[in-house]
Amino acid sequence: MLQDIKKALRPARKRKLVDTIKADWKVSIRRACSVLKIDRSLYVYKSRRGEQVELN
């Protein structure tokens, strides 16, 4: 599974990798996260902030 996967740096990229593994290998989210060695909470986390945060 991991032969074609490069190091992921950002959470958004890690979520995409989980989705890719899930679709290609037909495995669960839990299994895909364990293969990539990331927490499942990172995959399901939704930010409460908006896209543009106002700077002071």
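Of the 56 residues in the chain, 18% come out as buried, where buried means under 20% relative accessible area, exposed over 50%, and partly exposed in between (1.4 Å probe, protein chains only). The model is a predicted one, so local features need pLDDT of at least 70 and side-chain atom pairs count only at pLDDT 80 or more, while totals for chains, interfaces and linings use all residues. Residues are numbered from 1 along each chain as its sequence is written, and side-chain values use heavy atoms, with hydrogens and water left out.

On secondary structure, the tally is three helices and zero strands, and the order from the N terminus is α-α-α. The chain exposes about 5400 Å², with carbon and sulfur atoms supplying 48% of that; the areas come from the Shrake-Rupley method with a 1.4 Å probe, and for residues only the protein chains shown count as cover. As for contacts (heavy atoms within 4.5 Å), residues 24 or more positions apart account for 36% of those with a separation of 6 or more.

Helix α2 spans residues 29–36, and its buried members are Ala 32, Cys 33, Val 35 and Leu 36. They sit on the same side of α2 because they cover an arc of only 160 degrees around the axis, the arc being that of the directions from the helix axis to the C-beta atoms. What these buried residues pack against is α1 (11–25) and α3 (40–44). Ala 32, for one, touches Val 18, Ile 21 and Val 27, leaving aside residues up to four places away in sequence.

Now for the core. The largest nonpolar core is made of eight residues, namely Leu 17, Val 18, Ile 21, Ala 32, Cys 33, Leu 36, Ile 38 and Tyr 43. Such a core is a set of buried Ala, Val, Leu, Ile, Met, Phe, Trp, Tyr and Cys residues joined through side-chain atoms within 4.5 Å. The elements giving two or more residues to this core are α1 and α2. Leu 17, found in helix α1, counts as buried because its relative accessible area is 6%. From Leu 17 to Leu 36 is 19 residues along the chain, and their C-alpha atoms are separated by 8.3 Å.

Helix α3 holds Tyr 43, which is buried because its relative accessibility is 14%. Again skipping residues up to four places away in sequence, Tyr 43 touches Arg 15, Val 18, Asp 19, Lys 22, Ile 29 and Cys 33. With Asp 19, Tyr 43 also makes a side-chain polar contact of 2.5 Å, meaning a pair of N or O atoms within 3.5 Å; within protein, one must be able to donate a hydrogen and the other to accept it, and residues adjacent in sequence count only if both atoms are side-chain atoms. C-alpha to C-alpha, Tyr 43 and Asp 19 are 9.4 Å apart, at a sequence distance of 24 residues.

Most residues other than glycine have a negative phi. Lys 26, in the loop between α1 and α2, has a positive phi near 55 degrees, and Lys 26 counts as exposed because its relative accessibility is 71%. Lys 37 follows α2 and lies in the loop between α2 and α3. Its phi is positive too, at about 60 degrees, although Lys 37 is not a glycine. With a relative accessible area of 75%, Lys 37 is exposed.

Methods:
Helix = DSSP H or I, 4+ residues; strand = E, 2+ residues; numbered from the N terminus.
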